[in-house]
Structure formats: C-alpha cells, structure tokens
Amino acid sequence: MTEAARPRGERSLRSRAYDSFTERLLARDILPGQFLSQRELVEITGMPLGAIRELVPRLEADGLITTVPQRGMQVAHIDLDLVRNAFQLRMFLELEAAALFTINATDDMIGEIRQAHETVLRDAEKGITPDLLERAQAVDWSLHDCIIDSLNNAIISNVYRVNSVKIRLIRQERFRLNEKLLTTVMNDHLEIISGFESRDPDRAVNALRSHLDNARGRALGLGEM
C-alpha cells in the first residue's frame, strides 16, 4: 500500500512517531551512537510497536539510525564524515535559497527578521542569561528555516528538515551557542540581512557562506574558518 493510499490516521501515527523520535533525540533522551531495540523505542517515544516498526525504515533512509546485525539499531554517530556531509548539503541548499529569498522576500518579512536579531543583541547588553541563549538559538534557526521555507518546495523542505536534525545534533555534541558566540552569530546574521535589505543576492550569499564556513569550522574543531 502506498503512503497516499493509507488511512489518514495511520499516516498521522507514523508522523507522530517520527516527531517523537527526533524530539527525544534532540532532548538527549536518545544519544548519538546509542543502541536501541524497538521495545525501548516504544518506551522512550510513547508510541505503539506497530508505529515503531514502520518508523524504522524511514529513520534508516534518513541516516538517523543503522541496523547492526545481532546488536540492534544504532543511532547515528557524530563523526567527521557526518559533519562534513551535513554542512555540505546545508551549503548547497541554503545558498541558492538565500539568493532567491533576497529577490522575493517582502520588506515586512525582512524587517521582522532584523527586529528579532536586534532585540536579542539589545537584551544581551543587559546580561546574557540561559533564557536569552535559548531565545537567540530560536532566532538563529528561524532565519535559516525561513530562507528554505520561502521556496515553497516540499521536497527541499523535507530534505532540509532531516539534515537540520543532524546539524542540531552536531551542535549539541561539538559546540553550543554560548555567551561568546551569541554576539558573533547575531552579527553574522545581520550581515546576511543587510544583503537581503539591499536586494543584493551576491552580498547575502557571500555573508551566508562565511557564516556557514565558520559554523562548520567550529564543528570540526578548527575554530573560525
């Protein structure tokens, strides 16, 4: 039976199982490299065994788990290959999307993005708190997600979302947004936003490329690149 032919409730259950897995993964209830059984996934995600059985092939296809003979399912490792591959895919997707966003985004949309970043920087001057770091991280992801979603291309958005899970795992494992990085990341973004505002795709793309190069360098343990 094809996915489209399945009852709506079944599709919803599988989607919820996937969302539950990725939420638990990003919450570190499930750890990179960890071995799991289907029964353990039932307990962790709170989803029925049938949904977990159907979830496993999707997680394997997305590169989030690997089935190891006689040992069970292993969650993806955070290694150098994953870092390189995930950032390469991110670069390919986001740079083209940013060029199109520069041309097509409304002034209001760009203005809202700038305001969100400037609010974070103003609040940082009063003192960087855990709550502010959390808000800054949300503003960070929001910019990148907005660029991709503006394409209105479900295939690209789905590929990006899977890769985004890997990027977030890499960040958790290798570097996190902290007091030192907050201002750097927000100012990197403001350079990108300035490219949007001037309707200059080359400027926006070059600023984004520099930002992603720096993030990849931190993930590889090279510092700023």
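Residues are numbered from 1 along each chain as its sequence is written, and side-chain values use heavy atoms, with hydrogens and water left out. Because the model is predicted, local features need pLDDT of at least 70 and side-chain atom pairs count only at pLDDT 80 or more, whereas totals for chains, interfaces and linings use all residues.

The protein is divided into domain 1 (13-75) and domain 2 (80-220), with bounds that come from an automatic or database domain assignment. Their centres, taken over C-alpha atoms, are 28 Å apart. Nine residues of domain 1 are in contact with eight residues of domain 2, where contact means heavy atoms within 4.5 Å. About 780 Å² is buried between the two domains, 65% of it from carbon and sulfur atoms; buried area here is the accessible area (1.4 Å probe) that two parts lose on being put together, summed over both. In domain 1, Leu26, Arg28 and Asp62 lose the most area to domain 2, together 56% of what that side buries. No salt bridges are counted between domain 1 and domain 2, a salt bridge being a side-chain nitrogen of Lys or Arg within 4 Å of a carboxyl oxygen of Asp or Glu.

Threonine 102 counts as buried because its relative accessibility is 0%, buried meaning under 20% relative accessible area, exposed over 50%, and partly exposed in between (1.4 Å probe, protein chains only). Leaving aside residues up to four places away in sequence, threonine 102 touches Gly195, Phe196, Arg199, Asp200, Pro201 and Ala204.

The salt-bridge rule gives a count of 14. In helix α4, glutamate 94 and arginine 90 lie four residues apart, about one turn of the helix, and they form a salt bridge whose closest N and O atoms are 2.6 Å apart. Both partners count as buried, glutamate 94 at 0% relative accessibility and arginine 90 at 2%.

Lysine 126, by contrast, counts as exposed at 71% relative accessibility, and its side chain meets that of aspartate 123 in a salt bridge (3.8 Å, N to O). Another salt bridge joins aspartate 145 and arginine 161 (3.6 Å, N to O). Aspartate 145 lies in helix α6 (residues 130-149) and arginine 161 in helix α7 (residues 154-174), so this pair ties together parts that are 16 residues apart in sequence.

Conventions
Helices (H or I, at least four residues) and strands (E, at least two) are DSSP runs, numbered from the N terminus.
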